[in-house]
Amino acid sequence: MLIAAALVLVLASTAGLVIHMLTYRSLEIREEFLKLLDPSLVVVQLKPINGDVYLLGYTRGDSSVVIYRYSPQSRALSSVTWGFEGNATVYPLKLIPSGDKILVPSLIGDRHHLLVLTYTKDLRLVSREQYSVGEIVWVSSVETTDSASVVVGARYRTGYRLQYYVGLIDPGSRQIREVMVWGTSDIDYLVEAYTVDSLLYAIGNSTVEGSVVYVINSKGWSVEASVKLPATPLKSIVNGVEFTSLLNINTTYYLCVITPLTYKLTCTEIAKPQLESYQVFSYSFWRDYLILLGRGYRADTKTIDALALFYHATRPGGLSLEKLLWISGEGVNSVLFDG
């Protein structure tokens with residue numbers, strides 16, 4: 001089954017790690033239990049890259065970074081484990097495709113020290129670079145734009161305040177150069193960033209402004225627009241050239257889209273399924289469909305199982321639910337990540 005024609009889900013399971021391939025036409029489930037050798041693995045991300053599927057995680061005990069590479073048919077191709085010397089913990093943030101390489105930015109010990117591991121697509125380690133931003137900068141995430149690596153987070157100021165922070169990684173000097181710092185008079189910090197061409201969509205949380213998306217021009221390092229969100233996003237992704245966020249307001253889910261160029265925010269209510277209770281953790285787009293991933297209570301079996309909700313995303317009149325797909329099994333009760 002080709003990865004382009006399937007939605008890939010990772011689910012919690014007491015029996016191991018499960019990958020489900022869901023084809024849209026028949027909504028058929030193909031399951032394979034991947035017998036991971038280390039039961040203490042914590043999954044961080046599952047991401048399709050260059051036709052294969054990569055799983056990123058870390059081990060609780062010795063805090064090692066672990067990467068698995070699978071074919072679209074869930075066949076294990078290769079794996080790698082990297083551990084930091086000493087007692088410091090390592091927490092990988094994400095997998096970032098960069099040309100023919102894969103970057104794995106990771107936090108060492110705390111959010112003041114950043115490690116960037118660079119691998120080939122077959123998981124051969126090319127380089128490992130360590131950066132320190134000092135005690136006044138707190139790293140939340142890393143993104144790439146215009147062939148450069150951008151760090152987002154917060155910078156401390158006097159009076160126990162935080163300001164929005166954007167830094168640029170200089171691979172030559174191994175320094176992180178400050179390019180933008182701004183904020184209100186209280187606590188402001190960036191939690192994540194997404195790239196669209198030369199624009200950086202940075203999600204900020206503020207005790208004064210609430211949740212705000214800043215559209216930053218990475219060529220001139222200036223804020224082109226700021227868009228206030230009505231709630232803290234559960235998850236955000238880039239769909240083509242549009243930045244989208246999934247919000248939960250008073251138990252109702254909304255899909256919010258920031259239109260390019262005008263930066264207008266449009267939020268659409270997502271129709272509720274006929275369920276006694278359910279939660280959504282993630283979402284994805286596939287062709288003309290919006291797919292919500294989460295878990296819900298099944299009255300027929302009196303169990304909590306994983307679910308996938310398929311909505312038509314292009315029909316007029318809002319998001320209409322077409323299919324609710326239960327994904328059940330021993331220990332499988334929630335969708336954690338999607339690819």
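Welcome! The tour opens with a search for disulfides (pairs of cysteine sulfur atoms within 2.5 Å), and the count comes to one disulfide. You are looking at a predicted model, in which local features need pLDDT of at least 70, side-chain atom pairs count only at pLDDT 80 or more, and totals for chains, interfaces and linings use all residues. Residues are numbered from 1 along each chain as its sequence is written, and side-chain values use heavy atoms, with hydrogens and water left out.

**Stop 1: the disulfide**

Select cysteine 256 and cysteine 267, whose sulfur atoms sit 2.1 Å apart. Look along the S-S bond: the link is right-handed, with 110 degrees about that bond. Strands here are DSSP runs of E, at least two residues long, numbered from the N terminus. Are the two cysteines buried or exposed? Cysteine 256 is buried at 1% relative accessibility, while cysteine 267 is partly exposed at 34%. Buried means under 20% relative accessible area, exposed over 50%, and partly exposed in between, using a 1.4 Å probe and protein chains only.

**Stop 2: the nonpolar cores**

Next, select Ile67, Leu95 and Val104. Of the 19 residues in the largest nonpolar core, these three touch the most other members. Such a core is a set of buried Ala, Val, Leu, Ile, Met, Phe, Trp, Tyr and Cys residues joined through side-chain atoms within 4.5 Å. Elements giving two or more residues to this core include β4 (41–49), β6 (65–70) and β10 (101–108). A second, separate core has 16 residues, among them Val166, Leu190, Ala193 and Ala202.

**Stop 3: the aromatic pairs**

How many aromatic pairs does a search of the whole structure find? It finds ten. Rings of Phe, Tyr and Trp (its six-membered ring) pair if their centres lie within 6.5 Å; planes under 30 degrees apart count as stacked, over 60 as edge-to-face and the rest as tilted.

Then move to tyrosine 201 and phenylalanine 243, a stacked pair at 5.2 Å centre to centre and 5 degrees between the planes. Tyrosine 201 is buried at 1% relative accessible area, and phenylalanine 243 is buried at 1%.

Finish with Tyr164, Trp182 and Tyr214, which form one aromatic cluster.

How values were computed:
Helix = DSSP H or I, 4+ residues; strand = E, 2+ residues; numbered from the N terminus.
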